[in-house]
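Me: Hello! I would like a close look at a single part of this model, told as one connected answer, please.

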Amino acid sequence: MPTALVFLLLVAQSYTRERDHVVSETAQAARAVSAAIERDLSGAQMAARILAASPALQDDDIGALRALAVSLLQPGLAVSAFIVSDAKGRQLINTSLPASQAPPPLPQKWAASMDRARDYGKPRLTSLLTAPDEVPRLALNQRLPRNKGPAYVLTALYPPDYLPLLLRELDLPAYLGAAIVNADGINVARTLAPQRYVGQRSAAPLLEQIRQAREGVLRHATLEGIDVYTGFRRAPDGAWTVAVTMRTSTVAEVLLGSVVTGSLILALLLGTGFALAWRVGGRLASTLQELTLQIHALAQGKPLVAHRHADRESADMAAALGTLERDLRRHRTQLESLVSERTLALEKSTRLLETVYATAPIGMLFVGLDLRIVMINQYLAAIHGASVAQHLGRPVAAMPFDEAVRMEVERCVRQVLETGSPIVDLELQGHGGQRREQLSHWIVSYHPIFGPERQLLGVSGLWLDISERKRSEAEFRRSKHLFGTIIENIPAMVFVKRADKLSFEMVNRHAELTLGRSREQLLGKTDHDFFPPQQAAAFVSADRKLLATGQMVEIEQEPINTADGTTRHFTTRKVVLRDDAGRASHVLGVSIDITERKRATEVLHATTLRLEQSERFIRTVTDNLPGMVSYWGADLRCRFANNFYNEWFGRSSAELAGIHMSELLGQELFDVYAPHVEGVLAGRPQSFERDLLDPTGQVCHTWTNYIPDVDDGGGVRGFFVLASDVSELKRTELRLHELNEQMVRARQGRGGQHGEERIRRQHEP
């Protein structure tokens, strides 16, 4: 009895756990069926988008539109036929009928369903009964907007056995039933009694649970009154829900079969005798323990470990658990594969979007409906002077540094969210967070972003920094203005001629003044309109030669007759200007009036000739004077010296030119003359006597005069040096002095008279 009681408790516990696990299978099956249906509906929606974008739809080319619809019915598409209807309920296209057969009018229920899809604006699941004795067919109505006229409706019809085929495709057990419920709670597809219950509202308890949760499992009574477990999953957009049912009796049959078998075996074992009860009970307890462990492992998702079973019943139960484990593992693998594919596609799209944001050479951001930044790239974050992380989640108007820019950004984003229309190429200026001291310029655009159902998701913004371009344009305008100002005020005649006609296309103000004509009188005219024929022909010939050779031409001197009848002389330089293709387009000429310079050159030449004659005269006079003559500048460098001066110092005129006085005299002798030099540079004439050694080494007595050269302002710019050899005068003076002394001595001595006579005789010839 204790063994039997323990066995019954274990069976009850296993039954409860296995029931919960089997019931949870309905939820997993609902997820798998929901994913498959979403895939098939996505294929129909993709076909609708292709047809909506077709030119044949906008041009009302029904034949081409039908051909396109037929081409979309590929083997991988679950749709069996396409129907296109207009606002009046007429079938324009029905791919299930031959092209030559005119489609019949739509049934009233069909037309009403399609009108609701046209008014609703979103894809709508429904069921359509093509014949009274047939199974209602699942249908997806979608709006086809047109540029002209009311929108059409595309109906994608699925096969009558679409849902049963889908369950077999997913390898779901045959004891599972399924149904598709649309957003109105109407059954649009059903595996059980579809002719009776498709088109009716689903069970109230199920609809209540669908409204409260996206997925789940509940126990309730079906429309037939059958007690079932139902696992359901609602689509992300809430347009439809998949419900997978399992009868409670089926659960009991699956589980109680093994329990009954075990109970019979137990009864048989108990009837064989108490003697074998202990042994049989021990073996049964061991078997039940292994099965319990396997059930626990199955409930926890762990793999089952194969064991040898002592009785057939436990082996059958283990086999049933193994089959159930394989089915669950297969379903789990399929679900994981589907989730992995969707996750991989999402990750790929996310990486692509992140790559675009990171590498785009412009600022990019995405703002949600709450005006908060969802995405932003480094380019735009740097403009605002903050990192990408500091932007995410913050209001879009909180980031720009400039108050005016902040208000304008918020206004634009709000306008796009309210109107759904983009703002393109708006020029914006202000101070950014990166260079707050400089005025920045941007070109910004804001575009609304819509979801698959045309619901507004947010606003995408593009920012392009054109500050450098603005500064370049301003600099170009300043340079152009400066260049124009220079050209207008340059003291030269500047002109540009067209290469084909040699007519004036541009002249400056100096050209107007020189030629004595206004700019309006010069532009568009040629040289023949202003100059004598011979002179104009020479100008034209020179220009043609310049265009032929392409070499710069420089005319050192050419006469031009001005409007007042005078002839002026110009130095002209001409070059060829070329376009982007390298073709000669214009002739640029710059002419400088050298008339005054020519006259000044002639005067200078005459003056130079006179100066040369005067210098030769002065040189001749000074070279024949019996003394040294030189001129020294205020910097004490020699500017002039006569031949006597050159011979005295033993140097040539070239060697003396520019030599410093200290270098010529030597530092010791220069120091002797320094007081006189300072005096004459102060404007005081100097006269002094010095003994010098002549080139032969004899001592000579010289008398030297320093005469200052004073300019009109009273400043001394140099001085003249006049040095005369007075050696003979000095010797005569010394001889007379000696004679005078001798006469004085003779008078004082005896025989003064004889002495005087004697002295007189000595000096007689």
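Does Asp543 count as buried or exposed, and at what relative accessibility?

Reply: Happy to take you through it. This is a predicted model, where local features need pLDDT of at least 70 and side-chain atom pairs count only at pLDDT 80 or more, while totals for chains, interfaces and linings use all residues. Residues are numbered from 1 along each chain as its sequence is written, and side-chain values use heavy atoms, with hydrogens and water left out.

Asp543 counts as buried, at 0% relative accessibility. Here buried stands for under 20% relative accessible area, exposed for over 50%, and partly exposed for what lies in between, with a 1.4 Å probe and protein chains only. The side chain of Asp543 has a charged partner: it meets the side chain of Lys574 in a salt bridge, at 2.7 Å from N to O. A salt bridge is taken as a side-chain nitrogen of Lys or Arg within 4 Å of a carboxyl oxygen of Asp or Glu. This pair links distant parts of the chain, since Asp543 sits in helix α17 (residues 533–549) and Lys574 in strand β19 (residues 567–578), 31 residues apart. Helices (H or I, at least four residues) and strands (E, at least two) are DSSP runs, numbered from the N terminus. Lys574 counts as buried too, at 5% relative accessibility. As background, side chains of opposite charge can pair when their charged atoms come close.

For contrast, here are two other pairs. Arg498 and Glu505 form a salt bridge whose closest N and O atoms are 3.5 Å apart. Both partners are partly exposed: Glu505 has a relative accessible area of 37%, and Arg498 has 32% relative accessibility. Arg414 and Glu410 likewise meet through their side chains, at 3.1 Å from N to O. These two residues share helix α13 (residues 403–419), where they are 4 residues apart, about one turn of the helix. Arg414 is partly exposed at 39% relative accessibility, and Glu410 is partly exposed at 28%. A search of the whole structure finds 29 salt bridges.

Of the protein's 765 residues, 39% count as buried. Its secondary structure comes to 24 helices and 25 strands. Contact means heavy atoms within 4.5 Å; among contacts between residues at least 6 apart in sequence, 46% join residues at least 24 apart. The protein exposes about 43,500 Å², with carbon and sulfur atoms supplying 56% of it; accessible areas come from the Shrake-Rupley method with a 1.4 Å probe, and for residues only the protein chains shown count as cover.

Leaving aside residues up to four places away in sequence, Tyr158 touches residues including Asp40, Leu41, Ala44 and Arg137.
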